[in-house]
Amino acid sequence: MQLTRNFTDGEFKCPCCDKEKMSRDFIAKLQTARQAADIPFHINSGWRCQNRNKKVGGAENSSHLTGHAADIRATDSQKRFAIVNALRKAGFERIGVAKTFIHVDDDAGKTQRVMWLY
Ligand SMILES: [Zn+2]
């Protein structure tokens, strides 16, 4: 199912149970970022069930569990910059930078205006 111009629900499904419970507000904001970046966003991880989150070593209170987070593949410095820049333009204030992906979430229950490394 097409959720926005560039995203389908399948991209955000948990690979073990095939369910997708993403926040639609989060997806709309991610679409804004996608258009600002003007490059494809490959979603490594969207919604996760408890089992999946444990399996991949996610935090116990991971924002993936509530559908407020996504990991976007970013394997070079130009993509990393373009994605982080676009996420900021779209108003995201929680960004995690890993070697091969960018984590973004809009979890209102967590500290805002933070950027961390893995
Ligand atoms: Zn699952």
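Predicted model: local features only at pLDDT ≥ 70, side-chain atom pairs only at ≥ 80, totals over all residues.
**Exercise 1.** Which residues does Leu-30 touch, not counting residues up to four places away in sequence?

*Solution.* Leu-30 touches Phe-7, Phe-12, Phe-41, Ile-43, Ala-70, Ile-72, Leu-87, Phe-92 and Val-104. The largest nonpolar core has 26 residues. Leu-30, Phe-41 and Leu-87 are those with the most contacts inside it. Now turn to the elements. Helix H1 (24-37), strand S2 (69-73), helix H3 (77-89), strand S3 (94-97) and strand S4 (101-105) each give two or more residues to this core. H1 supplies the largest share, five residues.

**Exercise 2.** Find the residues that coordinate the zinc ion, then classify the site.

*Solution.* List the donors. They are Cys-14 (SG), Cys-16 (SG), Cys-17 (SG) and Cys-49 (SG), at 2.2 to 2.4 Å. Read their spacing in sequence: C-x1-C-C-x31-C. Then check the angles. Four donors count as tetrahedral if all angles lie between 85 and 135 degrees. Here the angles among the four donor atoms run from 94 to 130°, so the site is tetrahedral.

**Exercise 3.** Cys-14 and Cys-17: buried, partly exposed or exposed?

*Solution.* Buried means under 20% relative accessible area. Cys-14 has 0%, so Cys-14 is buried. Cys-17 has 28% relative accessibility, so Cys-17 counts as partly exposed.

**Exercise 4.** Describe the largest pocket and its lining.

*Solution.* Take the volume: about 370 Å³. Then take the lining, which has 25 residues. Closest to the pocket centre are Ser-45, Arg-48, Val-56, His-64 and Asp-71. Strand S1 (43-45) and S4 each give two or more residues to the lining. The largest share, three residues, comes from S4.

Key. Residues numbered from 1 in each chain as written. Heavy atoms only, no water. Donors = N, O, S within 2.8 Å, 3.2 Å for Na, K, Ca; no water. Tetrahedral: all angles 85-135°; square planar, octahedral: opposite > 155°, others 65-115°. Buried < 20%, exposed > 50% of the residue type's maximum accessible area, 1.4 Å probe, protein only. Core = buried A, V, L, I, M, F, W, Y, C linked by side-chain atoms within 4.5 Å. Helix = DSSP H or I, 4+ residues; strand = E, 2+ residues; numbered from the N terminus. Contact = heavy atoms within 4.5 Å. 1 Å grid on protein atoms, 1.4 Å probe; cavity = no way out; pocket = protein on both sides within 12 Å on 5 of 7 lines; lining within 4 Å. Points joined across faces, edges and corners; volume = space filled by probe spheres on them.
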